[in-house]
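Here is a report on a two-chain complex. Please read it alongside the sequence and the coordinates.

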Amino acid sequence: MTEPLLSIDEIVTEFRVEGGVVRAVNGVSLDVRPGETVGVVGESGSGKSVTMMSALGLLPGHGRVVAGHARFRGRDLVGLAERELERIRGREIGLVFQDPMTAFNPVMTVGEQIAEGLRRHQAGLSRRAAGARVVELLAEVGIPAPERRARQYPHEFSGGMRQRAMIAMAMANRPALIIADEPTTALDVTIQAQILDLLGRVQQETEAALIMITHDLGVIAEMTERVVVMYAGRVVETADVDTVFHEARHPYTRGLLRSLPRLDHRVAELPAIGGQPPNPQALPPGCSYRPRCPLNQGRDECLTRPELNPAGRGHRSACHFHAELAGLTGGVE
Amino acid sequence: MVAYVVRRLLVSAVVLVGISMLLFTLLQLMPGDPVEMMIDPMSFSGDRAAAIARRREQLGLDASLPIQYVRWAGEFLQGNLGFSYSTSRPVAEVMVERLGPTVRLMGTALVIGLLAGIPVGILAALRRNTLVDYGAAALSLVAISVPSFFVALLGIYVFGLKLDWLPTGGMNSVGGGGLVDSLRHLVLPAGILGLALAGPYVRYARAAMLEVLGQDFLTTARSKGLSRRRVVGRHALHNALIPLVTVVAIQIPVLFAGAVVVEQVFAWPGMGRLALEAVLARDYPILLGFVMAIAVLVLLCNLLADVAYAVIDPRIRL
């Protein structure tokens with residue numbers, strides 16, 4: 001098996017908030033091999049984005065990685081000097097953000113903003129050459145009239161076009177890894193498919209690895225090879241995509257799948273997971289999913305924290321009773 | 001843009017007519033009668049009431065208010081702002097004479113205020129909740145709340161009287177001149193006015209910068225591997241300056257009005273002192289000229305703010 005390109009290892013990230021600290025990410029590990037597509041799925045606040053931002057040193061000021069490592073090509077990004085991180089960001093790792101409305105600087109042209117990343121990492125690239133490269137990039141991501149578009153400001157772009165420009169920006173320096181943080185969440189459904197196609201195409205052409213952060217299982221099914229399911233700052237299940245959809249061994253994953261609308265079943269009401277995601281400032285002791293879990297039934301084991309245990313080939317689940325889900329299809333009542 | 005500016009100027013002209021009517025009326029309502037002051041009761045002998053009536057007729061002050069206004073407006077449009085009651089000199093001439101010194105003082109004060117206030121405010125935002133931030137907040141609070149006449153007197157006492165470093169009044173030394181001499185006279189009044197301006201600028205700059213620092217596009221900029229210096233200097237600063245330009249432009253007339261005190265303390269021969277003298281002498285034509293000038297300035301500065309906004313923010317199209 002090839003060496004992982006990025007190996008996140010037991011990352012713990014905390015945020016200072018009024019009246020204490022919140023542990024947003026609590027010992028998350030995941031590997032991405034070169035060229036691979038990994039989906040990270042979970043509800044809002046489950047720590048998906050924070051995990052990635054922790055690895056890249058892009059946490060906001062009140063956030064801090066308190067433990068763990070993020071090895072990228074043999075170097076630990078956690079604790080790496082800012083200057084070194086700057087050399088990796090944008091050059092070896094490209095980012096696509098969720099909201100293309102706010103992710104662009106409103107007072108700089110789109111072209112300038114892409115060229116800036118090119119010139120940062122390609123010493124000696126002239127302004128003119130960078131400009132020409134920007135036009136090529138915009139054409140590659142399917143933006144019509146790229147010469148004119150490069151000179152326009154973000155507000156002159158539609159949401160979909162802006163996200164295309166964002167992808168052009170992320171792939172500008174041919175990074176080995178692209179992290180897409182909910183790249184389609186803020187877009188119209190019709191545009192979502194186009195953007196996913198584009199991301200897939202870009203990934204194939206540049207042979208980059210792709211981490212797809214999403215809460216959309218449809219995106220996971222369509223795009224990814226391996227899936228990491230996160231809940232309340234932890235990984236609860238990880239497996240290849242087929243296994244997750246057909247043989248999920250964690251009640252949370254099952255709950256997510258069950259709440260998907262399906263074309264072949266007519267239901268009066270979509271079954272949702274009961275209860276609320278836990279407050280990260282007051283996580284229930286033991287298994288964080290316990291209060292919402294149908295397997296709990298007051299069993300004592302659920303009061304201790306489950307480890308991420310093997311549940312099959314390349315399949316791990318953080319549930320004490322994952323064996324009970326073996327063979328069962330569909331959701332758990 | 002040009003069409004917008006033209007349209008705004010036309011609207012401004014209408015507004016100006018309204019303002020002038022209002023001011024004209026208000027001035028007539030002010031207590032005190034300039035004619036009474038012209039005919040000195042101590043030295044005048046004879047029929048004083050008749051003399052006052054005669055003078056009133058000469059000056060056209062016997063006519064009704066609307067007629068007086070129409071006459072004044074007619075002359076105003078021809079560039080004649082009337083004549084000073086106290087010196088009989090043309091108002092326009094007196095005002096132009098006083099405008100230069102005021103612009104010199106205000107301009108320098110504005111530059112000092114911007115250069116001192118905006119960098120400190122930005123720094124305070126970047127070092128939020130540190131000693132730098134608290135220090136900046138304390139200094140700006142002092143600058144905002146201590147009245148400028150007090151700071152002016154303090155400045156005169158320390159730098160003029162005790163240390164004898166700087167002149168304490170006027171624009172030039174008597175008989176003297178030259179650039180250095182002028183600059184030395186400018187230091188205290190412009191410095192004090194400038195620091196008074198810097199107080200609020202620190203606040204505005206800090207708030208504007210904090211607002212920008214939380215924005216997503218800065219994370220995008222960092223995700224491209226840009227240095228912190230470039231992220232702050234290029235991406236954050238440009239966005240933070242947008243609201244500041246508006247604030248500064250709109251405040252220029254306030255600065256003009258605030259100069260009255262400082263000009264008085266430093267015997268600066270500017271517009272502010274002219275206005276004060278005019279009030280004391282019931283010199284209505286001068287006063288009317290002054291307030292009209294302020295009105296024009298307010299309208300122009302608002303227009304300037306909008307145009308500047310459109311120039312630095314590509315999202316705004318006029």
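What percentages of helix and strand does the chain have over residues 6–257 of chain A? The span is 39% helix and 28% strand, with its end C-alpha atoms 28 Å apart. UniProt places the feature "domain: ABC transporter" there, in an unreviewed entry. UniProt positions follow the numbering used here, feature names are shortened, and annotations may be inferred rather than shown by experiment. Helices (H or I, at least four residues) and strands (E, at least two) are DSSP runs, numbered from the N terminus.

This is a predicted model: local features need pLDDT of at least 70, side-chain atom pairs count only at pLDDT 80 or more, and totals for chains, interfaces and linings use all residues. Residues are numbered from 1 along each chain as its sequence is written, while chains are lettered from A and ligands numbered from 1 in the order in which they are written.

**Confidence**

The predictor gives the complex an ipTM of 0.87 and a pTM of 0.82. pLDDT is the predictor's confidence in each residue, from 0 to 100. Chain B has a mean pLDDT of 86, and 99% of its residues reach 70 or more. Within chain B, helix H2 (residues 34–38) has the lowest confidence, at a mean of 74. Helix H9 (residues 216–223) of chain B has the highest, at 93. Where pLDDT is low, the predicted coordinates should not be read in detail.

**Sheets of chain A**

Chain A holds an open sheet of 8 strands with mixed pairing, in the order E6-E7-E8-E3-E9-E10-E12-E11. Two strands pair if DSSP finds at least two bridges between them. Strand E6 (93–96) and strand E11 (309–312) of chain A are the edges, each pairing on one side only. From one strand to the next the twist averages 25 degrees. Angles run from 0 to 180 degrees between N-to-C directions, and axes are lines fitted to C-alpha atoms, for helices over the stretch in contact.

Strands E3 and E9 of chain A run parallel, joined by 4 bridges. Val40(A) has Val228(A) in E9(A) as its bridge partner. Helix H1 (residues 48–56) of chain A packs on the sheet, touching E3, E6, E7, E8 and E9 of chain A. The direction of H1 makes about 140 degrees with that of E8(A).

Strands E1 and E2 of chain A run antiparallel. Ile8(A) stands opposite Leu30(A) in E2(A). Their hairpin has 2 residues between the strands, and Gly19(A) takes a positive phi near 80 degrees.

| Strand pair | Direction | Bridges |
|---|---|---|
| E3 (residues 37–41) and E9 (residues 226–231) of chain A | parallel | 4 bridges |
| E1 (residues 6–17) and E2 (residues 20–32) of chain A | antiparallel | 10 bridges |

**Asp181(A)**

Asp181(A) is in strand E7 (residues 177–181) of chain A. Is Asp181(A) buried or exposed? Asp181(A) is buried, because 22 other C-beta atoms lie within 10 Å. The cut-offs are 20 or more for buried, 12 or fewer for exposed, and partly exposed in between, with C-beta atoms placed from the backbone. Contact means C-beta atoms, placed from the backbone, within 7 Å.

**Interface**

22 residues of chain A are in contact with 18 residues of chain B. H3(A) gives the most to the chain A side, with 4 residues.

Conventions: Contact = placed C-beta atoms within 7 Å.
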